[in-house]
Amino acid sequence: MDDDDETATTATVPEELRTSVDELDERAVRTLVEYCRRRLDELHDPVSTHLEPQPGEEFVEVTEREAYTEVVKREPCAEGCSDCPHGPFLYHVTEERHPDGTTHLHWASLGPVEQ
Ligand SMILES: [Zn+2]
């Protein structure tokens, strides 16, 4: 199984790049890994591009922050009363990455927003 992993990695990393990386010492490789993480964040779509209001919801404001995406939205209650949608409420949305590579959005509720 480890052999398969290695084959997959060497097959996708261009040889020229691999040759350069193989010359680095441990400290330099760690620095490179950090660089790659930052670069990955730059290339990755911001969370706000994946957000859609659910039926009955209204997005008031969506703001990208450094560590999370701030969402202010109005939302309907379970009864669907005449005052719906309620709020607005503040959420901090973060993208959680699972070991298998899939991601899901975590909505942390911070309560109602003063208007
Ligand atoms: Zn309601």
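Author: Let us begin with contacts along the sequence. In the protein chain, among contacts with a separation of 6 or more, 20% are between residues 24 or more positions apart. The model is a predicted one.

Reader: How many helices and strands does the protein chain contain, and in what pattern do they follow along the sequence?

Author: The protein chain has three helices and four strands. Along the sequence, the pattern reads α-α-α-β-β-β-β.

Reader: As the model is predicted, where in the protein chain is confidence lowest, and where is it highest?

Author: The mean pLDDT of the protein chain is 88, with 90% of its residues at 70 or more. Confidence is lowest in helix α1 (residues 2–12), where the mean is 60. Strand β2 (residues 69–75) has the highest, at 96.

Reader: How do the strands of a sheet pair in general?

Author: Strands of a sheet pair through backbone hydrogen bonds, and the pairing is either parallel or antiparallel. In this model, four strands form an open sheet in the order β1-β2-β3-β4, paired antiparallel. Strands β1 and β4 (103–112) are the edge strands, because each pairs on one side only. On average, neighbouring strands of this sheet are turned by 25° against each other, direction ignored.

Reader: How many bridges join β1 to β2, and which residue stands opposite T63?

Author: Strand β1 (residues 58–64) and β2 run antiparallel and are joined by six bridges. Opposite T63 stands E70 in β2. A hairpin of four residues leads from β1 to β2.

Reader: How many bridges join β3 to β4?

Author: Nine bridges join β3 to β4, and these two strands run antiparallel. Within this part of the sheet, E96 stands opposite H104 in β4.

Reader: Where does H86 lie, and which residues does H86 touch?

Author: H86 is in strand β3 (residues 86–97). Leaving aside residues up to four places away in sequence, H86 touches R74, E75 and C77. H86 and P112 are 26 residues apart along the chain, and 9.2 Å separates their C-alpha atoms.

Methods: Residues numbered from 1 in each chain as written. Predicted model: local features only at pLDDT ≥ 70, side-chain atom pairs only at ≥ 80, totals over all residues. pLDDT = per-residue confidence, 0-100. Contact = placed C-beta atoms within 7 Å. Axes fitted to C-alpha atoms, helices over the stretch in contact; angles between N-to-C directions.
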